[in-house]
Amino acid sequence: MPTHTDIIFPYIKRRRRQAAIILSDAEKGQDQKRWLYPYWTWTPSLKRSWTYAPLWKKRRASGALPLPTRLQFVFMASYFLLNLTYVILVDWSGSEHHIYPQLRKRSGTIAAANMVPLIVLAARNNPLIRILNISFDTCNFVHRWIGRIMILESLVHMMAWIYPKVTHEGWTVVASKITHSKFITTGVVGFISLLLIVLLSLRPLRSAAYETFKRIHILLALAFTGAIMAHCIVSLRPSQLAYVVTATALFGAERLTRLFWLYRRNLSRGSSTWATVEILPGQAQACRVTMHLPVHVNITPGMHAYLRLKAVQPWGSHPFSIAWWEHSGFFDNTKVSFIIAANGGFTKDLYDHAKSQPGLSFHTGAALEGPYGGHHSLDSYGTAVLFAGGTGIAHQIAYIRHFLEGHAAKKVATQRLVLIWVVRKTESIEWIRPWLAKINHMRTQHPDILQLRLFVTGGEQIMRHVGDGIGVKAVAGRPDIEPILEAEALEQVGAMCVSVCGPGGLADDVRAAVRDVQLKSGGQEIDFAEETFGW
Ligand SMILES: Cc1cc2nc3c(=O)[nH]c(=O)nc-3n(C[C@H](O)[C@H](O)[C@H](O)COP(=O)(O)OP(=O)(O)OC[C@H]3O[C@@H](n4cnc5c(N)ncnc54)[C@H](O)[C@@H]3O)c2cc1C
């Protein structure tokens with residue numbers, strides 16, 4: 001049975017659930033029943049109303065401005081209130097000569113202290129992702145809001161200097177200080193840099209030209225850090241300086257770590273990584289990229305990596321989900337495959353370049369950074385329902401292969417696995433046909449464990465032979481998500497995980513259905529995981 005410890009430490013709970021099911025093979029059915037319901041009967045309501053609920057109604061990932069979940073909102077609001085409390089805890093009974101300096105000191109100190117979580121949460125090698133089992137997407141969300149809180153604190157910090165100065169000495173003195181006092185000049189430069197960072201990282205600007213945003217963001221962050229460091233040095237503020245130095249050191253260390261792994265992954269014994277890029281059949285404008293790494297790389301499902309290709313925009317690096325991987329050769333080299341849809345910039349250039357080549361494919365020098373992520377293990381769930389939209393299949397197919405291998409080796413708890421893949425045209429199946437054939441072969445001993453269902457929304461007539469040899473059942477139209485989940489909840493073995501990777505609209509529909517089924521199922525243990533393709 002789940003215990004109090006399991007509730008407090010979700011990681012322990014998952015490992016116990018997985019171990020209990022795997023170890024007692026004879027009692028498998030009995031063991032799974034223990035995990036069908038959560039320890040506390042109110043957890044499904046909590047998940048429905050807070051953990052998985054978008055801030056407002058149903059929309060979270062779709063639309064121009066994604067919304068946080070209610071739990072994320074509560075976390076961020078509490079963080080803001082804690083910051084606010086620290087800033088306003090001044091002795092308001094004193095004269096303004098005492099109040100303003102206190103306000104300046106408190107707002108400046110807390111803004112400097114916030115630099116540490118700000119940097120940690122933006123890092124690709126952020127240890128909190130693994131320790132707390134939260135996604136990079138969530139870390140990015142908190143990173144952005146800490147930045148916004150910092151700008152408010154910096155504003156208070158600056159106004160608590162400007163207001164009394166203007167009142168008693170006038171604007172001329174303020175202007176002269178800004179241009180002639182190193183202390184004030186560095187503070188103003190820091191504030192303007194931070195303001196620009198926050199304004200330029202608003203979603204519409206960020207999405208319009210992500211690569212340009214990223215470069216300007218880093219340059220402004222360096223300007224901000226340099227200015228604030230000088231501000232603290234000039235004014236002899238060792239405790240505030242310690243925060244700035246810590247944040248800078250963490251930033252530098254993370255960059256060095258990335259460089260180190262970039263080198264280790266891509267260069268070995270005189271060989272370097274290269275890539276094959278092939279156009280995939282159909283009108284969907286997608287490519288399969290296979291990276292050939294000269295070293296062994298451990299990969300788990302749910303991981304993504306950043307790709308650089310010499311032949312296409314070699315200066316940029318973009319994240320993609322790892323769909324398939326194999327180890328081979330004397331030196332145990334690693335072959336890693338990705339499915340990439342043409343978007344606006346790099347991905348469109350990649351597609352166009354491949355299309356212009358004879359045979360619609362080319363080889364090029366390449367580099368892989370990562371892999372990152374993969375922290376979300378689904379191994380302890382008796383039932384897993386995976387939804388994919390379009391190229392989102394790259395994320396989910398890695399889990400399917402892992403489940404089947406794990407099931408055969410008795411390493412995962414999964415007894416029931418359903419994949420729902422939504423595509424516009426049946427031809428998309430060609431993207432992953434070779435892998436589906438391997439998956440089909442893997443499940444020959446346990447044919448009932450896996451259902452592969454393809455929903456084709458482009459209005460075409462489905463040919464009978466579409467799923468031949470790969471065990472896929474294709475139907476026309478959109479999936480009716482809630483009835484599908486209700487049916488799965490009726491057949492649920494152990495705890496169930498519903499995962500989605502695809503366009504925002506699909507993710508929101510699946511999220512809404514999971515929330516409804518939490519209660520309709522009579523309070524069974526149903527978890528939800530969402531992977532987004534952008535931040
Ligand atoms: C974890 C993760 C996994 C992904 N897996 C896949 C996949 O398997 N297949 C696939 O086709 N796409 C995947 N994507 C999306 C892919 O990264 C973007 O489509 C691609 O970077 C777009 O670049 P672009 O220059 O062609 O398009 P642009 O038009 O320049 O950008 C389109 C959008 O992509 C996002 N984006 C662009 N560059 C980056 C970057 N360097 N880092 C983060 N986001 C960026 C931004 O939100 C931007 O608004 C994934 C994204 C993430 C974050």
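## Backbone geometry

P371 has its place in strand β9, which spans residues 361-373; helices (H or I, at least four residues) and strands (E, at least two) are DSSP runs, numbered from the N terminus. The peptide bond that joins G370 and P371 is cis, with omega at about 0 degrees. A further backbone feature concerns Q313, which is not a glycine and yet has a positive phi of about 40 degrees; Q313 belongs to the loop between β5 (303-309) and β6. Most residues other than glycine have a negative phi, and most peptide bonds are trans.

## Basis of the model

The model is predicted, so that local features need pLDDT of at least 70 and side-chain atom pairs count only at pLDDT 80 or more, while totals for chains, interfaces and linings use all residues. Residues are numbered from 1 along each chain as its sequence is written, and side-chain values use heavy atoms, with hydrogens and water left out.

## Ligand surroundings

The ligand is surrounded by 24 residues, of which H318, P319, I339, F346 and T347 are the closest; a residue is near a molecule if one of its heavy atoms lies within 4 Å of it. By class, this shell holds 10 nonpolar, 11 polar and 3 charged residues, where Ala, Val, Leu, Ile, Met, Phe, Trp, Tyr, Cys and Pro count as nonpolar, Asp, Glu, Lys and Arg as charged, and the others, Gly among them, as polar. At least two residues of the shell come from each of α12 (210-234), β6 (318-321), β8 (333-341) and α14 (346-355), and β6 gives the most, with 4 residues.

Polar contacts are pairs of N or O atoms within 3.5 Å. An N or O atom in the side chain of H318 is 2.8 Å from an oxygen atom of the ligand, and for the side chain of N343 the corresponding distance to a ligand oxygen is 3.1 Å. A341 takes part through a backbone N or O atom, which lies 2.9 Å from an oxygen atom of the ligand. Of the 870 Å² of accessible area that the ligand has on its own, the protein covers 91% (Shrake-Rupley method, 1.4 Å probe).

## Domains

The domain assignment, which is automatic or from a database, gives domain 1 (4-54 + 376-531), domain 2 (70-263) and domain 3 (269-373). Between domain 1 and domain 2 the C-alpha centres lie 41 Å apart, and their contact takes 8 residues from domain 1 and 4 residues from domain 2, contact meaning heavy atoms within 4.5 Å. These two domains bury about 550 Å² between them, 47% of it on carbon and sulfur atoms; buried area is the accessible area (1.4 Å probe) that two parts lose on being put together, summed over both.

Methods
Polar contact = N/O pair within 3.5 Å; in protein donor to acceptor, adjacent residues only side chain to side chain.
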